[in-house]
Amino acid sequence: MKVTPLGLYCEPGGFHVDPTRAVDRAVISHGHADHARPGHAAVLATPETLAIMRARFGEDRAGDTQQPLRYGESVTINGVRLTLHPAGHVLGSAQVALEWQGSRIVVSGDYKRRRDPTCAGFVPVECDVFVTEATFALPVFRHPPDSHEIRRLLDSVALFPERAHVVGAYALGKTQRIIALLREAGWDRPIHLHGAVEKLCTLYESLGVPLGALLPVPKGLKRGHPPILAGEIVIAPPSAEATPWARRLADPVTCAASGWMTVRQRAKLRAVELPLIISDHADWDELLQTIDDVRAPEVWVTHGRDDALVHALSLKGIRGRALHLVGREDEEDEGAPEALGEETTP
């Protein structure tokens, strides 16, 4: 594997993994925009990731040729054996395992270790080199159980029935996971959706992930119409509460579902009234557990809080290398309504 301006490149295989710009041959770990880009000539990914790319980019921009590869299946490219394993991040997310001349390198992509009812769970794969993210690689990041945060949301809904609760969560993965967790917690009423998250919810259901009753937030209300959706749960992209779109809602309680909500100053700066620590990335303890599980003597860190993780690796006798890959984004940057250009006006 070689680090290039476009990202990780497998020299003997002749392909990139999650390249930052269009290339001839790309292996894509998952459908988030900082990993999946439009315009590649050939794309290999899980069937679900390919479906997500088609939904987001259009059929003609998701790869001139598209090769689906299911979890556990292998293909050999110029002598490199490539296998995809579940990453537990979002639907279709995969770790990319590459074997060549007796060595194995595993590129994790983004991943989490928590159970997620909307996608396959992470599977550790032993390897010689493990390429990991480090989004939450500081000891302060120890995420509480998801059920605890969902209960806090439902308790707030019960406490403030005259207000709408608007949960900021980005469109791919987090939105569907929160819906599924709410269903597991017993919320069987319709969940209302901002227009920017509807499309991917429909796609998830078409791919076999049940989400229950979903309704769009009503549009076209006349000026002076009474505020709507008191006592209801609304899911919208991050920062949607700060746009004119939110004015139609009944005194909304602003919520945000993110691992970054551990940092109180982040919540305060965003004027988040109910921060929910629900992350689609591994926290500090889970990162270290993963390093132990894969038993790799060498670990490369693609992006994030790499200093603390590389230091922790050295204490374990593991060689750590910070790659500083460009083009990787924080969890909350994906799918803001301003970027999507949807539902930003009343």
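Predicted model: local features only at pLDDT ≥ 70, side-chain atom pairs only at ≥ 80, totals over all residues.
Reader: How many aromatic pairs does the structure hold?
Author: A pair of aromatic rings is described by the distance of the centres and the angle of the planes. Rings count as a pair if their centres lie within 6.5 Å. The number of aromatic pairs in the structure is five.

Reader: Are the rings of Phe136 and Trp260 stacked, edge-to-face or tilted?
Author: The centres of the rings of Phe136 and Trp260 are 4.6 Å apart. Planes under 30 degrees apart count as stacked and those over 60 as edge-to-face. The planes of Phe136 and Trp260 stand at 55°, so the pair is tilted.

Reader: How many residues apart in sequence are the parts that the pair of Phe136 and Trp260 ties together?
Author: Phe136 belongs to the loop between strand E11 and helix H2. Trp260 belongs to the loop between strand E16 and helix H5. The pair therefore ties together parts whose separation in sequence is 124 residues.

Reader: Which residue lies over the face of Trp260?
Author: Trp260 is buried, as is Phe136. A charge sits over a ring if, for Arg, CZ is within 6 Å of the ring centre and within 35 degrees of the ring normal. At 4.1 Å from the ring centre of Trp260, the residue over its face is Arg266.

Reader: Is Ser206 buried or exposed?
Author: Ser206 lies in helix H4, which spans residues 195–206. A polar atom of its side chain is 2.6 Å from the backbone oxygen of Leu203. Exposed means over 50% relative accessible area. With a value of 55%, Ser206 is exposed.

Terms used: Residues numbered from 1 in each chain as written. Heavy atoms only, no water. Helix = DSSP H or I, 4+ residues; strand = E, 2+ residues; numbered from the N terminus. Buried < 20%, exposed > 50% of the residue type's maximum accessible area, 1.4 Å probe, protein only. Polar contact = N/O pair within 3.5 Å; in protein donor to acceptor, adjacent residues only side chain to side chain. Phe/Tyr/Trp six-rings, centres within 6.5 Å; stacked < 30°, edge-to-face > 60°.
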